[in-house]
Amino acid sequence: MGDARLKVVNLQAGYGKLQVLKGVSCHVGAGEVVALLGANGAGKSTLLRTVAGLLPAVGGRLFLDGNEVTGRPAEQLAALGLLLVPEGRGLFPEMTVLDNLRLGGHARRLPARELAVCVAAAAARYPVLAGRLTERAGNLSGGQQQMLALARAHVAAPRVLVLDEPSTGLAPQWVHDVFIAVREWRERGAAVLLAEQNMAQALTVADRGYVLENGQIVLEGTAAELLASPAVRKAYLGGE
Amino acid sequence: MTWGIAILLLVKGLAVGGIYALISLGFNVIQRTTGILNFAQGEFVMVGGLGAAWLWGGVGLPVAVAMPGGAVLAAGVGWVSYQAALRPAGGTSLTTRIIITIGLSIVLRAAAALVWGTDPRQLPPLAEGGLTLPGGAVLDWQSLAVLAAVAACMPALAWFFRCTATGRAMQACAGDPDAARLCGIRPDRVAAQAFTLSAFLAGMAGVLLTPMLSMSFDRGSMLGLKGFAAAILGGVGHPVAGVVGGLALGILEQFACWGSSVYKDTLALAAVLVLLLIRPRGLLVR
């Protein structure tokens, strides 16, 4: 726990007077995939946006590699190797696929030549993009856009990857590709925090998970424990 | 009106319109990246023109150095303006920051009057002589030179936005500020770059305008208004539309001058008013 790559302690945040997160603590280690589960409105996106620095925390602390980064803005956290792929993917629809990929390397301040190498590697890993580099990102299908978001993450090579509902609204074959990518990130040693409504799917890839309800963690455990938990089965997996 | 004169007015209109287009591009760069409607844009134009005239007539530099020098000076003023006036107000509402730019325009005007005096200053023409058109009208090389300079700016600007990391960061900030921050792009830095680039474009416009019309400390607001009118004519938020709007406005003015030059400025503003009434999104947008 001391060497957790991402550690969130008693985090509180919200919008104006509306407090959404009421003290959330969690952690993700290197080479670990952690699922963040919960129904719509449980506070998953708020937690991820606060962790990424887009929303200011009202209380609590945030650590990256054991260093306190509480209150740092998103652009600084990105430079420290934390990447959030937000709901809606955070692409730039008016820009080309290629420029979107190049922006993935912005936080790393790569020289032009190295950036070109990283972009080429990402395009090779996600061949669906290779023939579409000069197209507007907004012209891609939903699945292709999600692949672009993942390919951009490939260029960014983050130490902590935070994915907000990456499989929502996608056709099954794309969902499959998303989870293959998540496994790759684990093998590469990144810390992956994965918010999902689709619990069954998320728990097949995750090592551990947290269940968020009304802005609080109500349950945590290994993927197997969560899958076996009667409360989870009843509430989320449609089991009896 | 003979064909010769029509061609003359058209080319002159394109030249002046190209200058308006530069001002409107500057408006766009700041508006799209920061949301701020910059009321000091015309003052950047004035600083560019007066600065170049001062470098040439006051300091004694050759014209070829003084003219780019004026644009660079304007760019510097743009950067300082952002750092001194707008960056400290980063957390305030957009309206507050827009009003700050009104204050900024007053300060810049007064500073220019103090530093450079209130008399108009001149720059030598870009080129002497002209081309005699059929019908006897003379098209001066000056207008063609301005047109060529403006035409060279557009692809350079397109290259900047497409092929440099700074240009891509500015585009990203314009498209989705939050998503840009997640890519590690610093909004305050991009805003400073936007003010610098925008003031550079405005300064170019001022430098190109001064040999045609001379420049004085108080001409900024009307020029800013012309650039703004160009942006509105084409459609706010669309750089290409602003260029088309600028060219249209320039041509409109020249042909109106042929009737009576008294109504030149009135016409520009009337065109904007009419357009806002019938096509509030601009000529080219949807």
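Contact here means heavy atoms within 4.5 Å. This is a predicted model, in which local features need pLDDT of at least 70 and side-chain atom pairs count only at pLDDT 80 or more, while totals for chains, interfaces and linings use all residues. Residues are numbered from 1 along each chain as its sequence is written, chains are lettered from A in the order in which they are written, and side-chain values use heavy atoms, with hydrogens and water left out.

Select B:Ser143 to begin. Leaving aside residues up to four places away in sequence, B:Ser143 touches B:Lys12, B:Ala15 and B:Met212. B:Ser143 lies in helix α5 (residues 141-163) of chain B; helices are DSSP runs (H or I, at least four residues), numbered from the N terminus. B:Ser143 counts as buried because its relative accessibility is 0%, and buried means under 20% relative accessible area (1.4 Å probe, protein chains only).

Next, show both chains. The contact takes 22 residues from chain A and 18 residues from chain B. Between chain B and chain A, about 1600 Å² is buried, 63% of it from carbon and sulfur atoms; this is the accessible area (1.4 Å probe) that two parts lose on being put together, summed over both.

Now select B:Arg181 and A:Glu75. Their side chains meet in a salt bridge (2.8 Å, N to O), a term for a side-chain nitrogen of Lys or Arg within 4 Å of a carboxyl oxygen of Asp or Glu. Between chain B and chain A the count is two salt bridges.

Last, select α6 (165-175), α7 (177-182) and α8 (187-213) of chain B, the elements that give two or more residues to the side touching chain A.

How values were computed. Buried means under 20% relative accessible area, exposed over 50%, partly exposed in between (1.4 Å probe, protein chains only).
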